[in-house]
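Student: Hi! I've just opened a new structure and could use a hand finding my way around. Can we go through it together?
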Amino acid sequence: MRHILVVDDDPPMLRALGTGLRAHDFDVTGAADAGTALDLAARRPPEAVLLDLGLPDLDGLDVLRTLRAWSSVPVLVVSGRTGVSAHVAALDAGADDYITKPFAVDELAARLRAVLRRPAQLRPREQVELGAYTVDLARCTVLPRTGPAAGDGDGAGAGAGAGATPSEGVHLTPTEWRLLTVLLRNPERVVTGRDLLTEVWGPEYVKHTNYLRIYLAGLRRKLEPDPSAPRHLITEPGLGYRFQP
């Protein structure tokens, strides 16, 4: 069964979509707001997302842009907004398709099957080496690297980072995942603090620079061999942050 994340703030609609799509052999997880949706998408990456635009905590287009910062999952916008401009805005923000309410569940299921059949476009690497760890962006796992090169350049090998033992992976929170993914998909490029805050938390958080300090410190404690002298998650004073492979 294909795992689908359905995001809609109307409880009857959320229930109806869940029931209808399960009848078409989809595994459905529901979310009634943007924050829950983004956490679920990071915690258990879906194979496709159905996204309503009228959410209580964040506009659906901002959710879409945030999701696109760290995921290439197919997104089908399901909205009551009509008109060419609404469709164009959603497609420009990264949607794969757009269906206007009301609609038939059979058509919705067919559109889902269509986007799931499309061949994956060229995407950034899904596995990235970060010091003593291999980060799998598709599976949301951080596992110690194996072999003689695992500790090269870090002087710590499998013992690097406070977040794992040699045989265990590192647990990251959904927000840590979103932040780390943006950096890893832009290797050696400075990502401004404003861009990180917008992509991970949303545009209304651009002044909350303390969030970045707190979450970067947490990531360094978990992933860097010496969090006080980071080698991979670098602060560029006055500019932003950079991932150094």
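Tutor: Happy to! Let's start with a proline: proline 102 sits in the loop between β5 (97-100) and α5 (105-117). Keep in mind that this is a predicted model.

Student: OK, and what kind of peptide bond joins lysine 101 and proline 102?
Tutor: That one is a cis peptide bond, with omega about -10°. For background, most peptide bonds are trans.

Student: Let me zoom out for a second. How many helices and strands are there in the protein?
Tutor: The secondary structure comes to eight helices and 11 strands. Of the 245 residues in the protein, 48% are buried.

Student: Which residues does leucine 50 touch, apart from its neighbours within four places in sequence?
Tutor: Its contacts are Ile4, Leu5, Val6, Val7, Leu21, Leu76, Val78, Leu108 and Leu112. Take leucine 76 as an example: leucine 50 and leucine 76 are 26 residues apart along the chain, and their C-alpha atoms are separated by 4.9 Å.

Student: Nice. What about proline 74, is that one buried or exposed?
Tutor: Proline 74 is buried, at a relative accessible area of 15%. You'll find proline 74 in the loop between α3 and β4 (75-79).

Student: Let's switch to helices. How do α3 and α4 cross?
Tutor: The axes of α3 (residues 60-68) and α4 (residues 84-93) come within 9 Å and cross at roughly 20°. The two helices are therefore roughly parallel to each other, and their crossing is right-handed.

Student: Which residues make the contact?
Tutor: From α3 there are Leu61, Leu64, Arg65 and Arg68, and from α4 there are Ala89, Ala90 and Ala93. Sorted by type, this contact has five nonpolar residues, no polar ones and two charged ones.

Student: And at what angle do α6 and α8 pack?
Tutor: About 85°, with the axes 10 Å apart. That makes α6 and α8 roughly perpendicular to each other. On the α6 side you have Thr175, Glu176, Leu179, Leu180 and Leu183, which meet Leu212, Tyr215, Leu216, Gly218, Leu219, Lys222 and Leu223 in α8. The residues of this contact divide into eight nonpolar, two polar and two charged.

Student: Now the sheets. What is the strand order in the sheet with β6?
Tutor: That open sheet has three strands in the order β6-β7-β8, paired antiparallel. β6 (127-130) and β8 (141-144) each have a single partner strand, so one side of each is left without a neighbour in the sheet. From one strand to the next, the twist averages 25°. Helix α6 (residues 174-184) packs on this sheet, touching β6, β7 and β8, and its direction makes about 100° with that of β7.

Student: How many bridges join β7 to β8?
Tutor: Four bridges do, with β7 covering residues 133-136.

Student: Last one! What's the phi of aspartate 25?
Tutor: It is near 70°, a positive value in a residue other than glycine. Aspartate 25 lies in the loop between α1 (11-23) and β2 (26-31), and at 56% relative accessibility it counts as exposed. Glutamate 188, in the loop between α6 and β9, also has a positive phi, near 65°.

Note on methods. Residues are numbered from 1 along each chain as its sequence is written. This is a predicted model: local features need pLDDT of at least 70, side-chain atom pairs count only at pLDDT 80 or more; totals for chains, interfaces and linings use all residues. Side-chain values use heavy atoms; hydrogens and water are left out. Axes are lines fitted to C-alpha atoms, for helices over the stretch in contact, and angles run from 0 to 180 degrees between N-to-C directions. Angles under 35 degrees count as roughly parallel, over 145 as roughly antiparallel, 65 to 115 as roughly perpendicular and the rest as oblique. A crossing is left-handed if the near helix is turned anticlockwise from the far one by less than a right angle, and right-handed if clockwise. Contact means heavy atoms within 4.5 Å. Ala, Val, Leu, Ile, Met, Phe, Trp, Tyr, Cys and Pro count as nonpolar, Asp, Glu, Lys and Arg as charged, and the others, Gly among them, as polar. Two strands pair if DSSP finds at least two bridges between them. Buried means under 20% relative accessible area, exposed over 50%, partly exposed in between (1.4 Å probe, protein chains only).
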